Structures are given as C-alpha cells and as structure tokens.
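Open the model in your viewer and keep the selection panel at hand. The tour goes stop by stop: what to select, then what is there.

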Amino acid sequence: ATLGFTLQLLAEHPSYEERALEEVRQVLQGRTEPSVDDVPKLQFVEQCFREALRLYSPVTFITRDVAHDTLLGGHRVYQGERINLVTRALHTNPEYWAGAAGEFGDPLSFNPDRFSPEAVRERHPNAYHPWGFASRACIGSQFALFEAKTFLASMLIHFRLQGIPGYKIVASCEGGGAAPSPENLAFHVFPRPGGPLWSDGIMRPLAMNEGKEDENDN
C-alpha cells in the first residue's frame, strides 16, 4: 500500500520525481537495476518513501497499557489503563513537521526534505513511528525499506509518472487488508524517454520476456 501512495505522490510532484530519478541515475551509472550495494546510497528515494509513510502510515494507531500511575500531557493515567496513540495525529503535528521556521510548510503536504539527515537529527526521536516502536516494532521494517527502495529505483529508471488533474488521494480500508491503501489509485505511467524501455517513442518488451521468448524459440 505504501508503494502505491509513494508512486501517486511522486506522480503529483514532478520536481521530487526528477530529484529521485537524478539520484538513481547517479548511483546506477547506466545500469537498469540496483544492486545490493546501490540501495543504501539512495538517500532521497528513501526520503520519498519515508514521507509517504508519514502521511499514510500502515500502522494507524499504537496501543499500550499503562505500567504505572503517571501524568500524560497533564492528564492523570492509572496502571492497567489502555492508551491509543493515533499515528496520523503524531505524524502531522505542526510542532514536529512544519519545521522550526516553517520551512517544510503544511504538515499535510508531501515534502521529502523533512527526512533529510539534518532535519531528522533536529526532530524529536519519537515524532515518527510508522512501524510501531520499542519491543513491539515491526521486525521486518528494514527489509521493507530495502525492498521499497529497490522497487522505486527500478520504476523511476524505467517509467515516467504523471498525475491526473482533479484526482484526490484518499486512504481507505474498503479493499480489505490490515493497512489503509490508496482508494482508486489513478496516475499515468509512460516509458521513460531515453530509458531502458524507450525506442523512438515505442515501448520495448521487458528483457525478462525477451529471455523467455528466446527459450521458447529454442
């Protein structure tokens, strides 16, 4: 679901798509698929994915039981009570996401620069929890991040994305599943001009399919 949100957001923000593509091109150096060593170098691609996670977290709320009587935000809570943390509220709190001088704009807007290394260092470490946290955090989060960056790099090098005027991205659970997904995802996908699938404006067949055809011919 988060990859769908990320692609939609990049399609609607061509300047960020171009920055991500330029990074992929610099890292891949003419190759069409990222290697294991390439993926950690895709910093801006990671920022785009993390920003989509912030806006549309797969974990919609986090539940914890109170271990000891204490005060929480000026309110008394008692041992054994259950608290729900709404991640959407946490991830769009202007205190953390607008920037110290408002440089990142509306917290509801898509701005991958919120996850630049400098911005992350200056932000409270508990302002961002798309995977849960502590001992109950998602154990597959690093694998998911690696997988997402690999997929996005491949998509960007092969395809150009274009948003559709008037479409409004909405998170929905109507399709089923444990996490919200984009409702009626809608953007155009074109072969990237000058990319691996581009040949005088005609889309080339994927290399994988070419290999299978060759095998069948033999």
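Select Leu 3. Leu 3 is partly exposed, because its relative accessible area is 28%, and the scale calls a residue buried under 20%, exposed over 50% and partly exposed in between (1.4 Å probe, protein chains only). Leu 3 belongs to helix α1, residues 2–12. Helices here are DSSP runs of H or I with at least four residues, strands are E runs of at least two, and both are numbered from the N terminus.

Before moving on, note the ground rules. This is a predicted model, in which local features need pLDDT of at least 70, side-chain atom pairs count only at pLDDT 80 or more, and totals for chains, interfaces and linings use all residues. Residues are numbered from 1 along each chain as its sequence is written, and side-chain values use heavy atoms, with hydrogens and water left out.

Now show what surrounds Leu 3. Neighbours within four places in sequence aside, Leu 3 is in contact with Phe 49, Ala 148, Phe 151 and Leu 152; contact means heavy atoms within 4.5 Å. Phe 49 is 46 residues away along the chain, yet the C-alpha atoms of Leu 3 and Phe 49 are separated by 7.5 Å.

Next, select α2 and α7. Their axes are 9 Å apart and the helices pack at an angle of about 100°. Axes are lines fitted to C-alpha atoms, for helices over the stretch in contact, with angles from 0 to 180 degrees between N-to-C directions. The two helices are therefore roughly perpendicular (65 to 115 degrees; under 35 is roughly parallel, over 145 roughly antiparallel, the rest oblique). On the α2 side, pick Glu 17, Ala 20, Leu 21, Val 24 and Arg 25; on the α7 side, pick Ala 153, Leu 156 and Ile 157. These contact residues divide into 6 nonpolar, no polar and 2 charged. Nonpolar covers Ala, Val, Leu, Ile, Met, Phe, Trp, Tyr, Cys and Pro; charged covers Asp, Glu, Lys and Arg; the others, Gly among them, are polar.

Go on to Gln 29. Gln 29 lies in the loop between α2 (14–28) and α3 (43–55). Its phi is positive, about 55°, although Gln 29 is not a glycine. Most residues other than glycine have a negative phi. Gln 29 is exposed, at 62% relative accessibility.

Now the rings. How many aromatic pairs does the structure hold? There are 6. Rings of Phe, Tyr and Trp (its six-membered ring) pair if their centres lie within 6.5 Å; planes under 30 degrees apart are stacked, over 60 edge-to-face, the rest tilted. Select Tyr 16 and Phe 110: this pair is edge-to-face, 5.7 Å centre to centre, with 85° between the planes. Tyr 16 is in helix α2 and Phe 110 in the loop between α5 (94–97) and α6 (117–122), so the pair ties together parts 94 residues apart in sequence. Tyr 16 is buried at 14%, and Phe 110 is buried at 6%.

Last, select His 91 in helix α4, residues 87–91. Buried or exposed? His 91 is buried, with a relative accessible area of 0%. Beyond its sequence neighbours within four places, its contacts include Arg 54, Trp 97 and Tyr 128. The charged end of Arg 54 sits over the ring of Trp 97, 5.2 Å from its centre; the test is NZ of Lys or CZ of Arg within 6 Å of the ring centre and within 35 degrees of the ring normal.
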